[in-house]
Amino acid sequence: MDGLTGGIPPLVDQHSHGAVHGDVGLGEFETRLAEAAGATGPAPPGTTFFDSRAGLAVRRWCPPLLGLEPHCAPVRYLARRRELGAYRAGRLLLRGAGIGTFLLESSASGGLTSPAELARAADGRAHEVVRLETLAARVADTAGGADLFLAHVAEALYAASGTATAFASGVASCDDAPPPAAEVRAAAGRWLRARRPGGTPGDPVLGRYLLWCAAATGLPVQLHCADPRRLTGFLRAMAGRGVDLVLLADPWHRRQAARLAAAFPHVYADVGARPEETLGEAPFGKLLFSTGARGLAELYVVAARLFVRAMERLMGDWVADGWCRAAEAGRIASLVAAGTARRIYRLDAATG
């Protein structure tokens, strides 16, 4: 990192979903760019999602990695992407992102790179984060009744804990005690009877049960939560149990997540690519970078570039104002960029 003594190591992206296989046409590229821009539908007639902050960032940072000038026309960029071929273009983008390690969340939807495939393309390391709802759906595809399903879920969680780096949950709220066994069995039965093939559990009782079971394995658990304050009871109950919890809040609740990370020694908070929003709310060793990328290799590049430049500006201001020296600023940047993730996910042990 320019201007910071010692720089920072390659980034650890603590949350993403992988990149698509194969060439991407204009329509699919726009659709996936729309997701990154926060849109839920197609662009209005006569407009394009390249005219968004995400679109401008792609045009600024990605064309040079494919041998083009920054801000080239979208049609020219996509033509160059097709000319190189999906595999080579993806390799160039991922290897130019500055990310050395990826934590990839397993997904029920196909078509995205596995951890091994992403690691090869990026010439880095990748580790699996097992999504609890996806694991439950796989078990349900072969389970019979509720009792057999719950027994198989316990076995699957135990098996996954031996290979995965972390678990992930999408539960919206959770109390300070696991749900009663009778309620769990009833919820499992309701879901299995109403479930369509491949469907993931949406029952809050079943979601809380899966979360408590995952926490019992001792692996870190990522909590995808719109409002992290609704998990406060669970966070408090996990104190002293030897499990680290990472809050991945919606962007407008990241400050609250950082405050909860400051309040509990075993709780951490994701900053995405915007560290400036949270560095004032929690100790620096409680915050972690992620891209959240899904589908387009370009989204890894964009998030990494935005994070590094934001950190450069912020640390530069702190040094200029006398808050810290350049060497200390570099250490702070390294913690958020990679160091804390390497520690809580035990990445050095996993790769050693």
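Start by selecting Arg 346, which sits in the loop between helix H13 (326-344) and helix H14 (347-351). You are looking at a predicted model, so treat this as a tour of a prediction. The phi angle of Arg 346 is near 55 degrees, a positive value in a residue other than glycine. As a background rule, most residues other than glycine have a negative phi. Arg 346 counts as partly exposed, because its relative accessibility is 39%.

**A second stop of this kind**

Now select His 71, in the loop between H2 and helix H3 (74-84). His 71 has a relative accessibility of 44%, so His 71 counts as partly exposed.

**Zoom out to the whole chain**

Show everything as a cartoon. The chain has 14 helices and 10 strands. Its radius of gyration is 21 Å, close to the 20 Å that the globule rule gives for 352 residues, so the chain is as compact as a globular protein of that length. Along its principal axes, the C-alpha trace spans about 60 × 50 × 40 Å. Of the 352 residues, 54% count as buried. If you look at contacts between residues at least 6 apart in sequence, 69% of them join residues at least 24 apart.

**The sheet**

Next, colour the strands. In what order do the 8 strands of the open sheet run? The order is S1-S3-S4-S5-S6-S7-S8-S9, and the pairing is parallel. Strand S1 (11-16) and strand S9 (287-289) stand at the edges; each has a single partner strand, so one side of each is left without a neighbour in the sheet. Turn the view and follow the twist, which averages 30 degrees from one strand to the next.

Select S1 together with strand S3 (residues 99-105): they pair in the parallel sense over 4 bridges. Within this pair, Leu 11 stands opposite Ile 99 in S3.

Select helix H11 (residues 254-263). H11 lies across strand S7 (245-249), strand S8 (267-272) and S9, and runs at about 150 degrees to S8. Inside H11, pick out Gln 256. Is Gln 256 buried or exposed? Gln 256 is buried, since its relative accessible area is 18% and the cut-off for buried is under 20%. Leaving aside residues up to four places away in sequence, Gln 256 touches Pro 228 and Arg 229.

**Two helices meeting**

Move on to helix H1 (residues 26-36) and helix H2 (residues 53-61). They pack at an angle of about 115 degrees, with their axes 8 Å apart. Show the side chains: Phe 29, Leu 33 and Ala 36 in H1 meet Ala 54, Gly 55 and Val 58 in H2. The residues of this contact divide into 5 nonpolar, 1 polar and no charged.

**Last stop: one side of a helix**

Finally, select helix H4 (residues 86-95) and highlight Ala 89, Gly 90, Leu 93 and Leu 94, which are buried. These residues cover an arc of only 125 degrees around the axis, which puts them on the same side of H4. What covers the buried residues of H4? The cover includes H3, helix H5 (115-122) and H12.

Note on methods. Residues numbered from 1 in each chain as written. Predicted model: local features only at pLDDT ≥ 70, side-chain atom pairs only at ≥ 80, totals over all residues. Heavy atoms only, no water. Pairing = 2+ DSSP bridges. Axes fitted to C-alpha atoms, helices over the stretch in contact; angles between N-to-C directions. Contact = heavy atoms within 4.5 Å. Nonpolar A, V, L, I, M, F, W, Y, C, P; charged D, E, K, R; others polar. Buried < 20%, exposed > 50% of the residue type's maximum accessible area, 1.4 Å probe, protein only. Arc of directions from axis to C-beta. Rg over C-alpha atoms; globule rule 2.2 N^0.38 Å.
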